[in-house]
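Thanks for coming. I have one structure to show today, and I will keep it short.

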Amino acid sequence: TAKYENKPNKVIVYRSLNGHFIKDQEIVAENSTMDFGADVTISADGMLIAISAPFDDDIIEKQGAVYVYQQVNGVFELSQRLTSVNGRRKEYFGSTLDFDGNTLFVSAYRADSDKETYFDAHTEILTGAADIFGSKYVYDTESEKSSTPTTFDNDFTRFASSIDNNGVIYAYDRIDDTLVYGQQIDLKDPEAKFFGRIALAKNNHVYTGMPSYINADGKKGALF
């Protein structure tokens, strides 16, 4: 990556030829404010290059984007533009990139993680319900009108809240040279700020270091 102050950044592709690297192609950013090339990763077969632009604000202010280039006849051409499925401002989507096999991991260290709450999960009828509600049918197991222990809506209804600036890592699966959103990885811990700011994917695992995380024993730093 070649970074500049007053003009668009470039990602320069070099190819190995007879033991030497020869400049082959320049991929130029759309503008000078998107931090194009903040991180770059290449698929194992060399056919895809993913280039991050975490300050991209084409949709929302500094939401970020990842530009994916596919090699066609020896030239890398833009094939996809990935953005966060959450669509929130200042996520810095693309802070860190890493290919592992057919999966691309994209971090957004200022994204909000989601925390779900289930409605009426595993709630049972009171033992003395018949006396409380004045009806023999409330807990009469021999009656077809009887009410039995229930979860009301069987965990169907759930409420989601967010943890601000928690950090998220998104996983995209490669299907026929197209990257498709697969899942969101987060810690769901209010104290775990900037999850994914440092990330590495290897052998079907993704690792993220959090040097400022405070552990239960009061010590600082953790690797997830």
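This is a predicted model: local features need pLDDT of at least 70, side-chain atom pairs count only at pLDDT 80 or more; totals for chains, interfaces and linings use all residues.

Start with strand E5, residues 65–72. Six of its eight residues are buried, so the rest of the structure largely encloses the strand. On one side, E5 pairs with strand E4, residues 48–53, through six bridges, and the two run antiparallel. For a landmark there, look at Ala50, which stands opposite Val68 in E5.

E5 also pairs with strand E6, residues 75–82; that pairing is antiparallel too, with seven bridges. Here Val66 sits opposite Leu82 in E6. E5 and E6 form a hairpin with two residues between the strands, and Asn73 takes a positive phi near 55 degrees.

Now the salt bridges. The search of the whole structure gives 10. I will show three of them.

Lys10 and Glu26 meet at 3.1 Å, N to O. That pair links distant parts of the chain: Lys10 is in strand E1 and Glu26 in strand E2, 16 residues apart. Glu26 is partly exposed, at 32% relative accessible area.

Next, Arg15 and Asp24, with 3.0 Å from N to O. Both partners are partly exposed, Arg15 at 29% and Asp24 at 39%.

The last one is Arg89 with Glu61, closest N and O atoms 2.6 Å apart. Arg89 lies in the loop between E6 and strand E7, Glu61 in the loop between E4 and E5, and 28 residues separate them. Arg89 is partly exposed at 48%, and Glu61 is partly exposed at 38%.

Notes: Residues are numbered from 1 along each chain as its sequence is written. Side-chain values use heavy atoms; hydrogens and water are left out. Buried means under 20% relative accessible area, exposed over 50%, partly exposed in between (1.4 Å probe, protein chains only). Helices (H or I, at least four residues) and strands (E, at least two) are DSSP runs, numbered from the N terminus. Two strands pair if DSSP finds at least two bridges between them. A salt bridge is a side-chain nitrogen of Lys or Arg within 4 Å of a carboxyl oxygen of Asp or Glu.
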